[in-house]
Amino acid sequence: MIHAKALTRTFKGVPAVRGVDLDVHEGEIVGFLGPNGAGKTTTLRMLTTLLRPTSGTATVAGHDLVADPSGVRGSIGYVAQGGMFTPPSLIGAELLLQARLHGHSAREARRLVGEVLERVGLAGFERRSPASLSGGQARRADLALGLVHAPRLLFLDEPTNGLDPRARAELWDHIRGLRTTIFLSTHYLDEADALCDRVLIIDGGRIVASGSPADLKRDHAAATLDEVFLTVTGRPMAEAAA
Amino acid sequence: MTAFVVAAHYLRETFRHKFVIVFGVVQPALYLVFFGPVFTGSGVGDWDVLVPGLLMQLALLTCGLTGFNIVFDHRFGVLERLRVTPAGRFSLLVGRVLKDAVLLLVQAAALLGLALAFGLRASVPGVVAGLALVVTMALGLAALSYAAALTLGDGLFAPVMGTAVVPLLLLSGALLPMEGAPAWLDAVSLATPFRHVVDALRALFAGSSHGIGWAVLSVGLFLAVALPLATRVFNRENA
Ligand SMILES: Nc1ncnc2c1ncn2[C@@H]1O[C@H](COP(=O)(O)OP(=O)(O)O)[C@@H](O)[C@H]1O
Ligand SMILES: [Mg+2]
């Protein structure tokens with residue numbers, strides 16, 4: 001689903017992502033784990049065509065990132081770190097626009113909106129505004145925006161950031177139940193452990209370890225992903241935030 | 001096609017918050033009520049001289065400041081979300097601009113209705129042609145306003161554009177015809193497309209077509225500059 005080679009991005013000469021190689025296969029939930037400032041969002045924004053890579057190549061959902069960005073956009077869904085609604089908008093109307101921009105007829109779009117709201121547990125929320133939702137509901141509404149056109153590949157940037165533990169666990173259940181290929185970033189070690197088939201650990205713009213949570217722990221003789229991070233980078237994740 | 005989907009979406013949003021529509025007409029309507037009687041009594045001209053100026057004021061205040069709408073879309077990630085769809089960035093811009101044009105037409109119709117009640121008498125074909133001219137010009141104005149909002153960002157857009165529309169309004173001769181202006185001011189005024197549009201509107205309202213050629217030419221030039229410029233800003237990766 002994703003094949004990236006040596007993806008690099010510098011901002012005004014300062015490197016944020018330094019030669020990331022990654023492969024994500026159909027049906028996998030892959031976690032991109034790293035402290036704040038590690039380069040997760042920058043990588044996701046490159047893979048979703050929002051940022052041009054400084055160098056490197058990638059194929060996303062069968063389309064070349066640089067040669068066919070429009071093909072990439074048609075096959076993916078993206079849920080940004082900070083959400084994607086203005087507070088006074090209507091959830092149903094925004095979802096409808098999103099589906100229409102993905103090329104669905106008005107009728108088909110209305111059906112997709114009803115379906116996706118059901119899928120994220122917000123059936124009947126069409127006339128609600130994001131400002132009226134709880135934190136967990138708002139994140140699920142964001143999820144609906146990324147999912148409404150039933151993409152083959154979904155990017156989630158820190159999907160549970162700032163939620164309380166109960167809302168996080170609830171969102172994990174929703175994400176697990178989506179049955180689509182997912183590439184998600186997180187700085188929560190327990191999230192990577194609980195949710196992901198495979199984890200890529202990123203630090204300082206480089207991937208420093210990868211594997212299933214079980215393999216990573218076994219290979220580094222560690223009890224938790226926290227210890228894996230410590231072994232690989234020489235410092236605990238909690239202190240690593242740039 | 002996509003542009004119409006975008007325009008329809010934003011029109012529905014705007015009509016949901018009806019106060020936005022009313023709010024845009026308030027200032028020109030206040031001029032009509034509190035300035036109109038003074039203006040028409042001063043000997044400068046009648047309602048058919050004032051109202052074209054108020055239409056220009058309406059266009060500058062609504063389409064000129066419409067970029068404010070995109071500031072929030074930018075801040076809350078809506079812009080990025082729309083960009084991760086196959087919809088072209090050009091249609092995303094054109095859709096918003098079309099929305100502004102339709103909205104301006106509705107607001108202008110309301111203002112003209114009020115002006116009729118106050119005593120405006122004008123050539124009907126002239127008014128229709130004048131509206132077409134103003135709305136076409138406003139396409140460029142709205143496009144530039146979005147470009148300015150994406151370039152200036154949250155903090156600067158409101159103060160910079162709020163200040164910029166004042167000299168543009170005064171220079172267009174909307175509030176007082178430029179006939180009495182000193183030569184240098186007249187020259188500066190003639191360098192803006194807005195002056196030519198106001199002059200043409202006054203002629204059209206009076207049933208003449210004097211100066212229409214200049215107005216069409218300056219609107220054409222204005223669009224030829226504004227639309228590509230705004231498209232470039234919209235295509236910028238971090239806009
Ligand atoms: N638009 C930008 N301009 C300049 N620097 C940026 C920009 N976006 C990100 N960065 C820098 O790139 C680095 C990685 O950021 P980011 O990808 O957001 O990390 P993460 O999502 O892992 O927290 C940080 O040092 C950040 O300051
Ligand atoms: Mg981030």
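Modeller: Let us start with Leu175(B), which is buried because its relative accessible area is 14%, where buried means under 20%, exposed over 50% and partly exposed in between, using a 1.4 Å probe and protein chains only. This is a predicted model, so local features need pLDDT of at least 70 and side-chain atom pairs pLDDT 80 or more, while totals for chains, interfaces and linings use all residues. Residues are numbered from 1 along each chain as written, chains are lettered from A and ligands numbered from 1 in the order written, and side-chain values use heavy atoms, without hydrogens or water.

Biologist: Where does Leu175(B) lie in chain B?

Modeller: Leu175(B) sits in the loop that joins helix 7 (124-171) to helix 8 (183-190) of chain B; helices here are DSSP runs of H or I with at least four residues, strands are E runs of at least two, and both are numbered from the N terminus.

Biologist: And which residues is Leu175(B) in contact with?

Modeller: If we leave aside neighbours within four places in sequence, its contacts (heavy atoms within 4.5 Å) are Tyr31(B), Phe35(B), Phe39(B), Leu54(B), Leu169(B) and Leu170(B). As for a distance, the C-alpha atoms of Leu175(B) and Gly207(B) are 20 Å apart, and 32 residues separate the two along the chain.

Biologist: How many helices and strands does chain B have?

Modeller: Chain B has 10 helices and zero strands. Of its 239 residues, 52% count as buried, and among contacts with a separation of 6 or more, 79% are between residues 24 or more positions apart.

Biologist: What is the radius of gyration of chain B?

Modeller: Chain B has 18 Å, which agrees with the value near 18 Å for a compact globule of 239 residues; the radius is taken over C-alpha atoms, and the globule rule is 2.2 Å times the number of residues to the power 0.38. Along the principal axes, the C-alpha atoms of chain B fill a box of roughly 55 × 40 × 30 Å.

Biologist: Which residues of helix 4 in chain B are buried?

Modeller: In helix 4 (residues 68-75) of chain B, they are Ile70(B), Val71(B) and Asp73(B). Their cover includes helix 1 (2-16), helix 5 (78-83), helix 6 (89-118), helix 7 and helix 10 (212-235) of the chain. Just after helix 4, Gly77(B) has a positive phi of about 80 degrees.

Biologist: Switching to chain A, what is its secondary structure?

Modeller: Chain A comes to 10 helices and 10 strands. Its radius of gyration is 18 Å, close to the 18 Å that the globule rule gives for 242 residues, so chain A is as compact as a globular protein of that length. Buried residues make up 55% of the 242 residues in chain A.

Biologist: Which residues of chain A are around ligand 1?

Modeller: Counting a residue as near if one of its heavy atoms lies within 4 Å, the shell consists of Phe11(A), Ala16(A), Pro35(A), Asn36(A), Gly37(A), Ala38(A), Gly39(A), Lys40(A), Thr41(A) and Thr42(A). Helix 1 (residues 40-47) of chain A supplies the largest share of that shell, with three residues.

Biologist: What are the distances from oxygen atoms of ligand 1 to Thr41(A) and Thr42(A)?

Modeller: A polar side-chain atom of Thr41(A) is 2.7 Å from an oxygen atom of the ligand, and for an N or O atom in the side chain of Thr42(A) the distance to a ligand oxygen is 2.6 Å. Taken alone, ligand 1 exposes 560 Å², and the protein buries 56% of that, with areas from the Shrake-Rupley method and a 1.4 Å probe, where for residues only the protein chains shown count as cover.

Biologist: Is Lys12(A) buried or exposed?

Modeller: Lys12(A) counts as exposed because its relative accessibility is 88%, and its place is the loop between strand 1 (2-11) and strand 2 (14-24) of chain A. Most residues other than glycine have a negative phi. Lys12(A), however, has a positive phi of about 50 degrees although it is not a glycine.

Biologist: And what about the phi of Ala61(A)?

Modeller: Phi of Ala61(A) is near 50 degrees, which is again a positive value in a residue other than glycine. Ala61(A) is found in the loop between strand 4 (55-60) and strand 5 (63-64) of chain A, and it is buried, with a relative accessible area of 4%.

Note on methods
Polar contact = N/O pair within 3.5 Å; in protein donor to acceptor, adjacent residues only side chain to side chain.
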